[in-house]
Amino acid sequence: MLRPHPSVLRRLVDEYEALTAAEAARGPAEQNPRVRDLAYTLCVSTGTRDVGRALEAAHQWLAAAPAPAGETAVLAGGQHVPVTENA
């Protein structure tokens, strides 16, 4: 199975999680069409049929993917640390 590039997958996950958090804060209302689109794209990208499983797979893949130099990694506690390239 083909996998999306980690930077593309990271953007999808980040946008989906940000929009769902904003929706949760607003309370019950009609779901944003962008959230549905992102959920679908995450499922297709990860070969799943459930957005929860898609997010699990995406997080696992991203944890295993090498981070590009100059970016930060997020530790379990939410701490951002710089990523350095090994020479």
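At what angle do helix 1 (residues 6–26) and helix 3 pack, and how far apart are their axes? Select both: they pack at about 135°, with axes 10 Å apart. Here an axis is a line fitted to C-alpha atoms, for helices over the stretch in contact, and the angle runs from 0 to 180 degrees between N-to-C directions. That makes helix 1 oblique to helix 3 (angles under 35 degrees count as roughly parallel, over 145 as roughly antiparallel, 65 to 115 as roughly perpendicular, and the rest as oblique).

Before moving on, some housekeeping. This is a predicted model, where local features need pLDDT of at least 70 and side-chain atom pairs count only at pLDDT 80 or more, while totals for chains, interfaces and linings use all residues. Residues are numbered from 1 along each chain as its sequence is written, and side-chain values use heavy atoms, with hydrogens and water left out.

**Stop 1: helix 1 against helix 3**

Show side chains for Pro-6, Leu-9, Arg-10, Val-13, Tyr-16 and Glu-17 on helix 1, then Val-51, Leu-55, Ala-58, His-59, Trp-61 and Leu-62 on helix 3; these make the contact (heavy atoms within 4.5 Å). Colour them by class and you get nine nonpolar, one polar and two charged. The classes are Ala, Val, Leu, Ile, Met, Phe, Trp, Tyr, Cys and Pro as nonpolar, Asp, Glu, Lys and Arg as charged, and the others, Gly among them, as polar.

**Stop 2: helix 2 against helix 3**

Next, pick helix 2 (residues 33–46) and helix 3 (residues 51–64), whose axes come within 9 Å and cross at roughly 60°. This pair is therefore oblique too.

**Stop 3: Ser-45**

Stay on helix 2 and centre on Ser-45. Is Ser-45 buried or exposed? Ser-45 counts as buried, because its relative accessibility is 15% (buried is under 20% relative accessible area, exposed over 50%, partly exposed in between, with a 1.4 Å probe and protein chains only). Leaving aside neighbours within four places in sequence, Ser-45 touches Met-1, Leu-2, Pro-4, Leu-12 and Trp-61.

**Stop 4: zoom out**

Switch to cartoon for the whole chain: three helices and two strands, running α-α-α-β-β from the N terminus. Those are DSSP runs numbered from the N terminus, helices being H or I of at least four residues and strands E of at least two. Of the 87 residues, 23% count as buried.
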